[in-house]
Amino acid sequence: MGLMIDLSALVANWKALAARAPAARPGAVVKADAYGLGAAKVAPALYAAGARDFFVAVASEGRELRPHLPDDARIMVLSGHMEGEDLTGLIPMLNSPAQFFRDRALRPKGAFGIQLDSGMNRLGFEPGEWAAVRAEAVAAGPVLVMSHLACADEPDHAANAAQLAAFRAMTDGLDVPRALAATGGILLGPEFHFDLVRCGVGMYGAEPFLTAASVVTLSIPVIQTRELQPGESVGYGYSWTATRPSKIATLAAGYADGLPRALTGKGVNFWAGETAVPMIGRVSMDLITVDVTDLAVVPAELELLNAKQGVDDLAKLAGTIGYEILTSLGRRYSRVWR
Ligand SMILES: *Cc1c(COP(=O)(O)O)cnc(C)c1O
């Protein structure tokens, strides 16, 4: 019941991504509480499988994760050194001259990395800024120089080659480990791999890693069922009306649990074993209704996410991406890690 997270499938996905980039150290991106799946469980499972390089978005995530990992695990903070942050036990990826000078002034012996902007224009030193600081920064001994691809999930996009060339121009000849690829970049091929890759969404079972094993099963309890006569309607706005004698089940999840209201009317199915059970009516805050008329027996819970229907399937119906479905998975679900 609730959210079942298959850690062995997750680790298998990480290993499969690592195998696509055999020359690089396989890192693991566990930001946003491991994409909603629980960094305190996911990161130690990956550590046990050999991962030593973990990435979080902000220092507070790193501080929460630090006690769950042995000292030889590196926790890299993608937002770098923000003013006033405690970075004890963490490695900031410094994004600008201001961050670099702040970090060196406050933590002259602290490990750090450098993030470069190769074209995405979101984080990292601009080429001109890097040229000005590069000698001093390299002398200070960064553990990594990295950048991030904007369009890696579109293999034919011209930005991939352009960003690769920009990254090379900024880093060729440096004696510092380099990283450019996340999941999409790993799949683009060896010239994108450099010394370390950042495995992210593919590990959690989502696109663009199309051969990923299913990691998440979400089962929602049935609260009650009722019989409807033709002409009776269900839920807010009476958006669904029975056209035959019907049996309706009310389930204990809604948009407050990360199931987008935009799924309303999109033909979403729940699953009772192998049988599809159509969602009807509106997704409301805490409740969803399904038409169980054709089920011989109504189970205690119905599945929404499983090997048959993954986060990307749901995302497409809702007009979003698997990343957003994963990171929205609600705090009210009980979570079980297997
Ligand atoms: C989120 C993120 C990743 C992971 O990306 P995926 O597409 O989930 O593999 C890697 N690097 C950076 C800088 C990120 O922000």
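A: A residue counts as exposed when its relative accessible area is over 50%, as buried when that area is under 20%, and as partly exposed in between. By this criterion Tyr 236 is exposed, because its relative accessible area is 61%. The model under discussion is a predicted one.

The setting of Tyr 236 is a loop, namely the one between β11 (233–234) and β12 (240–241). Leaving aside residues up to four places away in sequence, Tyr 236 touches Arg 282 and Ser 284.

Lys 31, by contrast, is found in a helix, α2, which spans residues 31–35. Its relative accessibility is 29%, and Lys 31 therefore counts as partly exposed. With residues up to four places away in sequence again left out, the contacts of Lys 31 are Phe 55, Val 56, Ala 57, Glu 61 and Leu 78. The unreviewed UniProt entry carries a further annotation here, listing Lys 31 for "modified residue: N6-(pyridoxal phosphate)lysine".

Two of these contacts, Phe 55 and Val 56, have numbers that fall within strand β3, residues 53–56, where Asp 53 has its place. Asp 53 has a relative accessibility of 1% and so counts as buried. Its side chain is joined to that of Arg 25 by a polar contact of 2.8 Å. Beyond four places in sequence, Asp 53 touches Arg 25 together with Gly 27, Ala 28, Arg 74, Met 76 and Leu 196.

Charged side chains also meet aromatic rings. The charged end of Arg 52 sits over the ring of Tyr 47, at 3.6 Å from the ring's centre. Lys 41 lies over the face of Trp 337, and the distance to the ring centre is 4.4 Å.

A pair of aromatic rings is described by the distance of the centres and the angle of the planes. A search of the whole structure finds six aromatic pairs. Among them is the pair of Phe 100 and Phe 101, which is edge-to-face, with 5.2 Å from centre to centre and 70° between the planes. Phe 100 is buried, since its relative accessible area is 1%, whereas Phe 101, at 41%, is partly exposed. Phe 125 and Trp 130 are also edge-to-face, because their planes lie at 70° with the ring centres 5.7 Å apart; an angle over 60 degrees is what that description requires. Both partners of this pair are buried, Phe 125 with a relative accessibility of 0% and Trp 130 with a relative accessible area of 1%.

One aromatic cluster is formed by Tyr 35, Tyr 204 and Tyr 323. The number of Tyr 35 leads back to helix α2, residues 31–35, in which Lys 31 is found.

Key: Residues numbered from 1 in each chain as written. Predicted model: local features only at pLDDT ≥ 70, side-chain atom pairs only at ≥ 80, totals over all residues. Heavy atoms only, no water. UniProt positions renumbered as here; feature names shortened; annotations may be inferred. Helix = DSSP H or I, 4+ residues; strand = E, 2+ residues; numbered from the N terminus. Buried < 20%, exposed > 50% of the residue type's maximum accessible area, 1.4 Å probe, protein only. Contact = heavy atoms within 4.5 Å. Phe/Tyr/Trp six-rings, centres within 6.5 Å; stacked < 30°, edge-to-face > 60°. Lys NZ or Arg CZ within 6 Å of the ring centre and 35° of its normal. Polar contact = N/O pair within 3.5 Å; in protein donor to acceptor, adjacent residues only side chain to side chain.
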